[in-house]
Amino acid sequence: MKGKVAVVTGSSRGIGLAIARTLAKNGCRVVINSRSQERINSIASELQKHGLEITGIGADIQTKEGADQLIQGAIEKWGGVDILVNNAGINRDNLFLRMKEEEWDEVIQTNLKGMFHCTKASIRSMTRKKWGRIINISSVVGLTGNPGQANYSAAKAGIIGFTKTLAQEFGGRNITANVIAPGFIETEMTDQLSEKIKEQMLARIPLQRFGKGEDIAEMVKFLASEEAGYITGQVLIVDGGLAL
Ligand code: NAP
């Protein structure tokens, strides 16, 4: 992956940061991103101290302007985008009877429409090079549903249909598009859950531990590699067996 340019959305912490670090350690030039320019700059400079080729761009990928700013920034800095990891995501959980329209809209806008904007902004760079890897981070709840997450499950299921379509439209340009569906990964997002829910989740995981960002990053590394060039339109579940 030496010299490939990767953009990882939502990578100031958690899964995105683990993905960015792993890709950079494997020779990629990586653009990391979050909504805060200040935070992303300080993380980028910390990683640069370890000799990694990383730059930070603060941009809100919910909007076309934000996504364009991020992808154009990557193109201006390093001449194109080879690997796009659509990772940025939020949750606004509520039982359906109580779910507000704003909670629905916010989650769909970030988790699904943000992916549309970032992919739109990157795709021409990939088609020009006749090489590309699009890796979209969904969730096992996009496959199974989950009480309290009608908005999040809908967005995560939408990602799967979106990715399978991209795989068919861009296969002829040597661009692959795949989904990773993580299970329960220890990050700030899952920190918010009560101890009781965490215990219930753990009891359902055959491998008897929560996942780490690195577990997802290793799958991204593989899907982004030359060796994964004949895999497209797939949903790779990385969940310790949770969805079983
Ligand atoms: P996290 O710790 O909450 O990190 C989310 C990242 O996204 C942060 O860097 C955040 O930075 C950024 N972000 C949020 N909204 C953004 C926006 N509009 N524009 C740009 N950046 C934005 O979440 P995580 O647990 O690592 O999750 C990462 C992805 O994996 C998400 O798509 C999530 O749905 C998915 N996932 C997570 C789990 C899990 O168990 N953790 C399971 C399945 C799937 P700022 O807030 O500073 O903008």
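Let's start where two helices touch: in α1, the residues Ile 15, Ala 18, Ile 19, Arg 21, Thr 22 and Leu 23 meet Gly 213, Glu 214, Ile 216, Ala 217, Glu 218, Val 220, Lys 221 and Ala 224 of α9. Sorted by class, the residues of this contact between α1 and α9 comprise eight nonpolar, two polar and four charged. Please keep in mind that you are looking at a predicted model.

How do these two helices lie against each other? Two packed helices are described by the angle between their axes and the distance between the axes. Helix α1 spans residues 14–25 and helix α9 spans residues 213–224; they pack at an angle of about 45 degrees, and their axes are 8 Å apart. Because of that angle, α1 counts as oblique to α9. The crossing of α1 past α9 is right-handed.

Now let your eye move to another pair, α4 and α6. Here the packing angle is about 15 degrees, with 8 Å between the axes. Angles under 35 degrees count as roughly parallel, so α4 is roughly parallel to α6. The crossing of α4 and α6 is right-handed. From α4, the contact draws on residues including Trp 104, Ile 108, Leu 112, Met 115, Phe 116 and Ile 123, while the α6 side includes Tyr 152, Ala 155, Ile 159, Phe 162, Leu 166 and Phe 170. By class, the contact of α4 with α6 has 15 nonpolar residues, along with five polar and two charged ones.

Take the second largest pocket, which holds about 300 Å³ of space. Its lining is made of 15 residues, and those nearest the centre of the pocket are Thr 119, Lys 120, Ala 121, Ile 123 and Phe 170. Which helix gives the most to this lining? That is α4, with eight residues. At least two lining residues come from each of α3 (64–78), α4 (101–129) and α6 (150–170). The lining of this pocket has seven nonpolar, four polar and four charged residues.

Finally, there is a space of another kind: the count comes to one cavity of 30 Å³ or more. The largest cavity has a volume of about 40 Å³. Around this cavity you will find Thr 9, Ile 61, Asn 86, Asn 87, Ala 88, Thr 110, Asn 111, Gly 114 and Met 115. Once again α4 supplies the largest share of the lining, here four residues. The cavity lining has six polar and three nonpolar residues, and no charged ones.

Note on methods. Residues numbered from 1 in each chain as written. Predicted model: local features only at pLDDT ≥ 70, side-chain atom pairs only at ≥ 80, totals over all residues. Heavy atoms only, no water. 1 Å grid on protein atoms, 1.4 Å probe; cavity = no way out; pocket = protein on both sides within 12 Å on 5 of 7 lines; lining within 4 Å. Points joined across faces, edges and corners; volume = space filled by probe spheres on them. Nonpolar A, V, L, I, M, F, W, Y, C, P; charged D, E, K, R; others polar. Axes fitted to C-alpha atoms, helices over the stretch in contact; angles between N-to-C directions. Parallel < 35°, antiparallel > 145°, perpendicular 65-115°, else oblique. Left-handed = near helix turned anticlockwise from the far one by under 90°. Contact = heavy atoms within 4.5 Å.
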